Amino acid sequence: MSIQNLNKPADAFAQLQEEEGGNQTICHIRIQQRNGRKTITTVAGIPDEYDLPKILRYLKKKYNCNGTVVEDKEHGSVIQLTGDQRQNAKDLLTKVGVVKDSFCKIHGF
């Protein structure tokens, strides 16, 4: 009996990157439970050549939510939005062309 999970790469999406075109970064959109019914949506992995405050300003205005850009040691610049804005953020990023649909992953319940 052999264990196959030990041979897998550390990044779960590394195979997708190789198949789709090399060094495209993957955008991860997650939801976090704050307390009670309040949630935060985080968007990480947007390439550095894009202006995150401008994207944030558009998201806040279009979807009537609040948000900020925070710096994280592991993920770099991350957009945080109040509420469940996962699908809204993905729709905007793929429609404008910031990331491809196959490189935008939504996580959460």
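Trainee: How many disulfides does the structure hold?

Mentor: This is a predicted model, and the answer rests on its computed coordinates. Cys27 is in no disulfide, and the nearest cysteine sulfur, that of Cys104, is 4.3 Å away. A disulfide requires two cysteine sulfur atoms within 2.5 Å, so the separation of 4.3 Å between the sulfurs of Cys104 and Cys27 is too far for a bond. The number of disulfides is therefore 0.

Trainee: Which residues is Cys27 in contact with, leaving aside its neighbours within four places in sequence?

Mentor: Cys27 is among the residues with the most contacts inside the largest nonpolar core. Its contacts beyond the sequence neighbours include Val43 and Ile46, which are also listed among those core residues.

Trainee: Which element supplies the largest share of the largest nonpolar core?

Mentor: That core has 17 residues, and Cys27, Val43, Ile46, Ile55, Ile79 and Leu93 have the most contacts inside it. Strand 1 (27-33), helix 2 (52-63), strand 4 and helix 3 (86-96) each supply at least two residues of this core. The largest share, 4 residues, comes from helix 2.

Trainee: What is the order of the strands in the open sheet?

Mentor: The sheet is formed by 5 strands, with mixed pairing. Its edge strands are strand 3 and strand 5 (104-106), each of which pairs on one side only. From one strand to the next, the twist averages 25 degrees. The order is 3-4-2-1-5.

Trainee: What angle does the direction of helix 3 make with that of strand 1?

Mentor: Helix 2 packs on the sheet against strand 3 and strand 4, and its direction makes about 10 degrees with that of strand 4. Helix 3 also packs on the sheet, touching strand 1, strand 2 and strand 5. The angle between the directions of helix 3 and strand 1 is about 165 degrees.

Trainee: How many residues lie between strand 3 and strand 4 in their hairpin?

Mentor: Strand 3 (residues 67-72) and strand 4 (residues 76-82) run antiparallel and are joined by 6 bridges. Within this pairing, Gly67 has Leu81 as its bridge partner. The number of residues between the two strands of the hairpin is 3.

Trainee: In strand 5, which residue is the bridge partner of Ile29?

Mentor: Strand 1 and strand 5 run parallel, with 3 bridges joining them. The partner of Ile29 in strand 5 is Ile106.

Trainee: Which backbone oxygen does the side chain of Thr41 reach?

Mentor: Thr41 is in strand 2 (residues 39-44), and its relative accessible area of 0% makes it buried. Beyond residues up to four places away in sequence, Thr41 touches several residues, including Gly83, Asp84 and Gln85. At 2.5 Å, its side chain reaches the backbone oxygen of Gly83.

Trainee: What is the relative accessible area of Thr42?

Mentor: Thr42 also lies in strand 2. Leaving aside neighbours within four places in sequence, Thr42 is in contact with His28, Ile29, Arg30, Gln32, Val78, Ile79 and Gln80. Thr42 is buried, and its relative accessible area is 8%.

Notes:
Residues numbered from 1 in each chain as written. Predicted model: local features only at pLDDT ≥ 70, side-chain atom pairs only at ≥ 80, totals over all residues. Heavy atoms only, no water. Pairing = 2+ DSSP bridges. Core = buried A, V, L, I, M, F, W, Y, C linked by side-chain atoms within 4.5 Å. Buried < 20%, exposed > 50% of the residue type's maximum accessible area, 1.4 Å probe, protein only. Contact = heavy atoms within 4.5 Å. Polar contact = N/O pair within 3.5 Å; in protein donor to acceptor, adjacent residues only side chain to side chain. Axes fitted to C-alpha atoms, helices over the stretch in contact; angles between N-to-C directions.
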